[in-house]
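Colleague: I am new to this entry. Could you take one part of it and go through that closely?

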Amino acid sequence: MLSPRPLQRNAILARTSAPPVAAPIFRVFRPPSRQQLSRDFSTVPDLLLTLKTTFGYSTFRPLQREIIETSLAGRDVFALLPTGGGKSLCFQLPALHRTGLTVVVSPLIALMKDQVDQLQAAGVAATYLNSSLGVRESRSRLAGLHRGEWRILYAAPERLMLDNWQENLKAWNVTALAIDEAHCISEWGHDFRPEYRQLARLRTLLPDVPVMALTATATERVRADIVNHLKLREPATFVASFNRPNLAYRVTPKDEPLKQIVAFAKKREDESGIVYCATRATAERVAEALAGRGFSARPYHAGLTATERTENQELFLRDEVRIMCATIAFGMGINKPNVRWVIHHDLPKNIEGYYQETGRAGRDSLPSDCLLLFSGGDVAKQIHFIDEMTNEHERQVARAQLRQMVHYGESAGCRRAELLGYFGEQFPLDNCGACDNCLEPRETFDGTIPAQKFLSCVYRIRQAGRFGVGLNHIVEVLTGADTEKIRRWGHDRLSTYGIGAELSRPQWASVGRELMRLGFIVQSEGEFAVLELTEAGMEVLRQRTPVTLTKPMSAPVAKRAVKRIGEVECDEILFARLKTLRKKLADERRVPAYVVFGDATLRQMAREYPATETAMAGVFGMGEKKRAEFSAVFAAEIADYLRHNSRQSFNLT
């Protein structure tokens, strides 16, 4: 059986490796045995050499090598790796060890162009075909495919399904098929796209071609859907940890959000960030407010023209614009590795979407911040939208997802553990050291009396009417509200009516949700979600057991931590100079700056001062083509810097 290999196993060939981050914990489901593989692994080419010379990396990330070897052995593969976990390399590298063409199905034009730009910069013969190309350019690329000039082709699913493409695919010697963003095939996923369902026809068209399906977020149900609809044949399934150790998570009460965002961004003026908003109007308003205060910010949403969206996105990718204020329409096709922070101005609809959106920060493994502005008003808005849904099943799913999201926002527990738990993964530590609840644990108080009042109210209502009610109705009874339902059901005559005047309605709602988290009450599924006492809740009532509750969030946006997991200390002045040089070179080539080098590469240069081309050997992210093209100019910049500045010393541990 193939066992997971630790990152350190390839260190013998490395002078440097990836930026120092805590190694993620990961699990492998149904890994292939050597007997299952179609050939002896002694014949597998030197993958590590290709990794180093083409992509400039000294070690594989968790599961990458296992996935690549399995794919090269001819097996179907399902791979779930978190954003920033290196999914693309899993099909890009084996394409260089195959004789034919690898076809990559990608849902977004921006994503195709971005990945092809990066591959071509590394010396890989890759191209894409989509609606953004003119007729002449499309014909030129098609001719190149017929001549066998390309190793990797990116295309949208609907293009592959065109009738006249079937003969093309047969003629191009397709030897591998990769389905990127594979969760789009499932209606249970957070970004369902009907055109992805047609991809199963490729199995019939190319019956002997191994298929690889990749995604960053998928629950068990979505994983099963992907395997079923793509007709994967006994796929080797690889599931990495969902933990992103370089991301710091924080939730803070929403209070004048524009001021909160401005204060947050001021501490990060030279960094790229995304502000996610629930509506187009909010995205426009936040972008305008930030721009009015001197920040480089633009909006992105479906209400803009295609030209406006493309322009704003390109400016963001090229670091001309630092802040994108966007709806959830923005992000899936963005491979920008140096997004240093993500703010959620409004409460996301579900944890899966929240995880995906926060995952757009820190793709280069360097420390990044994720801030959620939490408001009870946002919860009420979401409930209102859900209540207006006409499909009962959709309402039930939306309510359940919202409850999970609210639980995350209000929880006093580790944010990281909460996120991982949603995906069925247990975080092994008691303190992650990189979320607000672990760094600044909230105060607790003796909540026995409020708990007794709330639980008693649930009990009395059930006892009086033989039916349960929802959270909002319990709160209204406790606070003595005068509503038609309360009068009709006689709840104004209960002993618990009006006994909770000392707390506001939002405070009582928060108490109720915490009692749910503590397991004293449960909320039923279905059209009418009612509260019921659990046996533990009944025991609290009978025995008057002391109950400890957590005080609501009240802390302001925290200052940035001095040092976090993944921090790479370096000469910040030199780093700034190298960023300026990188942007100049990128602008000349009309590509985003990270296509030249990522921040991790520049930070290593600003830490080790490689002032000659020879000294550039082994720098992270510098393959042979980039070394030939860029090492001299960057070495000259460093040498010039050292003529006027002394070297700094850094702790290398």
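Modeller: Two strands pair if DSSP finds at least two bridges between them. Strands (E, at least two residues) and helices (H or I, at least four) are DSSP runs, numbered from the N terminus. This is a predicted model, in which local features need pLDDT of at least 70, side-chain atom pairs count only at pLDDT 80 or more, and totals for chains, interfaces and linings use all residues. Residues are numbered from 1 along each chain as its sequence is written, and side-chain values use heavy atoms, with hydrogens and water left out.

Six strands form an open, parallel sheet in the order 9-14-13-10-12-11. Strand 9 and strand 11 (297-300) are its edges, each pairing on one side only. Ignoring direction, neighbouring strands are turned by 15° against each other on average, with axes fitted to C-alpha atoms, for helices over the stretch in contact, and angles from 0 to 180 degrees between N-to-C directions.

Strand 9 runs parallel to strand 14 (residues 368-374), joined by seven bridges. Arg 250 has Leu 371 as its bridge partner in strand 14. Helix 15 packs on the sheet, touching both strand 9 and strand 14, and its direction makes about 110° with that of strand 14; contact means heavy atoms within 4.5 Å.

Strand 9 (247-253) also meets the buried residues of helix 16, which pack against helix 13 (351-358), helix 15 (392-410) and helix 17 (436-439) as well. In helix 16 (residues 415-422), these are Arg 415, Arg 416, Leu 419 and Leu 420, buried being under 20% relative accessible area (1.4 Å probe, protein chains only). They lie on the same side of helix 16 because they cover an arc of only 125° around the axis, taken from the directions from the helix axis to the C-beta atoms. After helix 16 comes Gly 424, with a positive phi near 80°.

How values were computed:
Buried < 20%, exposed > 50% of the residue type's maximum accessible area, 1.4 Å probe, protein only.
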